[in-house]
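I opened the model to go through its secondary structure, sheets and cores. These are my notes in the order I looked things up.

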Amino acid sequence: MNRKSALILSGVLGTFFSTSAIAALNCTASPDCASLGYTMSAADCTDGVKVACPTDTSKVFCKTVQPVTCIVGSILGGDQFCYKDKLPDGVKPVGIVFDTTNKLAVALTDINSSGSAGSSTMMWATGYYDIPTLGNCTDLTTCGVDGRANTTAILNCGSSCGTTPAATATNSYEPSGCSKDFCKKTKWFLPSMRDLITLYNAKSYVNASLSLTASSGAKTLTESYYWSSTEFSSNYAWYLWMDDVSRYYGTKDYSEYVRPVVKY
């Protein structure tokens with residue numbers, strides 16, 4: 001055998017053995033869908049991110065929507081968990097977090113005097129009565145800052161204080177998506193001036209999340225006056241202009257907007 005023939009034979013044999021080795025390698029069993037994590041069907045994954053198995057598209061990997069740490073702007077679900085921008089199937093939004101220090105969320109909408117979602121204004125009270133257990137506040141950083149306690153004090157005054165539409169309406173509010181006790185009737189309250197100022201400072205984040213939940217009936221904050229539960233005197237209560245955070249006290253028979261707040 002001459003040198004040229006030997007080189008050709010060597011090349012042919014090399015190719016044969018290389019091809020055989022590759023064929024043997026290709027005969028290794030490929031992993032099935034389950035071992036790769038594709039264990040669900042599309043019907044099991046209606047609220048998550050779906051990726052189909054390459055070898056069996058009826059099997060999917062599903063990354064479901066999970067709760068997140070509550071931060072300003074988080075969407076508060078009726079299950080008492082916070083979410084970023086999407087909620088799991090069966091969980092409805094009830095509010096938007098605006099104060100993580102005091103664990104407060106604001107309702108998705110303003111309310112009517114009946115306590116239902118709406119956009120009508122209402123009076124703080126129908127007469128001029130001093131709420132006995134409310135302080136008459138001038139320092140809004142330290143006086144009358146607990147909206148829940150304020151609302152309870154207003155309601156406990158009863159008929160001796162006339163009627164109190166704003167506090168009564170918030171106490172009667174219950175969003176349709178509420179599934180836990182924390183957001184049922186009597187849990188929502190008229191925010192204090194401290195709460196309203198904090199809400200204004202978080203307004204851009206809150207409005208962004210309210211826009212995300214518009215399909216659930218959410219409405220961005222009205223650029224107008226909102227009643228607080230902080231009293232100034234027997235005749236006056238504090239309210240805040242949500243357009244530029246101006247703070248005023250007006251007679252209790254003024255009609256202003258009301259948006260409930262809840263502790264989560």
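The entries below go from the whole chain to single elements.

**Entry 1: ground rules.** I am working with a predicted model, in which local features need pLDDT of at least 70 and side-chain atom pairs count only at pLDDT 80 or more, while totals for chains, interfaces and linings use all residues. I number residues from 1 along each chain as its sequence is written, and side-chain values use heavy atoms, with hydrogens and water left out.

**Entry 2: whole chain.** I listed five helices and twelve strands in the protein chain. Helices (H or I, at least four residues) and strands (E, at least two) are DSSP runs, numbered from the N terminus. Of the 264 residues, 43% are buried; buried means under 20% relative accessible area, exposed over 50%, and partly exposed in between, with a 1.4 Å probe and protein chains only. I then looked up the accessible surface, which is about 13,500 Å², with 55% belonging to carbon and sulfur atoms. Areas come from the Shrake-Rupley method with a 1.4 Å probe, and for residues only the protein chains shown count as cover. Among contacts with a separation of 6 or more, 56% are between residues 24 or more positions apart; a contact means heavy atoms within 4.5 Å.

**Entry 3: the five-strand sheet.** I traced an open sheet in the order S4-S3-S5-S6-S12, with antiparallel pairing. Strand S4 (82–83) and strand S12 (261–263) stand at the edges with a single partner strand each, so one side of each has no neighbour in the sheet. Strands pair here if DSSP finds at least two bridges between them. Strand S3 (residues 75–77) is joined to strand S5 (residues 93–99) by three bridges, and Gly-77 stands opposite Pro-93 in S5.

Which helices lie against this sheet? Helix H4 (residues 193–201) packs on it, touching S5 and strand S6 (104–107), and its direction makes about 95° with that of S5. Helix H5 (residues 203–212) lies across S3, S5 and S6 and runs at about 165° to S5. Axes are lines fitted to C-alpha atoms, for helices over the stretch in contact, and angles run from 0 to 180 degrees between N-to-C directions.

Entry 4: How many of the residues of S5 are buried? I found seven of its seven. Four bridges join S5 to S6 in the antiparallel sense, and Ile-96 has Val-106 in S6 as its bridge partner. The two strands form a hairpin with four residues between them, and Lys-103 in the turn has a positive phi of about 55°.

**Entry 5: Asp-85.** I placed Asp-85 in the loop between S4 and S5. Is Asp-85 buried or partly exposed? Asp-85 is partly exposed, with a relative accessible area of 48%. Leaving out residues up to four places away in sequence, Asp-85 touches Ile-75 and Leu-212. Asp-85 and Thr-213 are 128 residues apart in sequence and 8.4 Å apart in space, C-alpha to C-alpha.

**Entry 6: the three-strand sheet.** I followed a further open sheet, in the order S8-S9-S10, with antiparallel pairing. Its edge strands are S8 and S10, each pairing on one side only, and the twist averages 35° from one strand to the next. Strand S9 (residues 236–241) and strand S10 (residues 246–251) pair over six bridges. Within that pairing, Leu-240 stands opposite Arg-247, and Trp-241 has Ser-246 as its bridge partner. S9 and S10 form a hairpin with four residues between them, where Val-245 in the turn has a positive phi of about 65°.

**Entry 7: helix H2.** Which residues of helix H2 (residues 147–156) are buried? I noted Gly-147, Arg-148, Asn-150, Thr-151, Ala-153 and Ile-154. Their cover includes helix H3 (165–172), H4 and strand S8 (225–231). At the start of H2, a side-chain oxygen of Asp-146 reaches to within 3.1 Å of the backbone nitrogen of Arg-148. Gly-158 follows H2 and has a positive phi, near 65°.

**Entry 8: nonpolar cores.** A nonpolar core is a set of buried Ala, Val, Leu, Ile, Met, Phe, Trp, Tyr and Cys residues joined through side-chain atoms within 4.5 Å. The largest one has 31 residues, and those with the most contacts inside it are Leu-76, Trp-124, Ile-131, Phe-182, Trp-227 and Val-258. S5, S6, H2, H3 and S9 each supply at least two residues of this core, and the largest share, three residues, comes from H3. Apart from it I found another core of 29 residues, including Phe-98, Leu-199, Val-245 and Val-261.

Key. A polar contact is a pair of N or O atoms within 3.5 Å; within protein, one must be able to donate a hydrogen and the other to accept it, and residues adjacent in sequence count only if both atoms are side-chain atoms.
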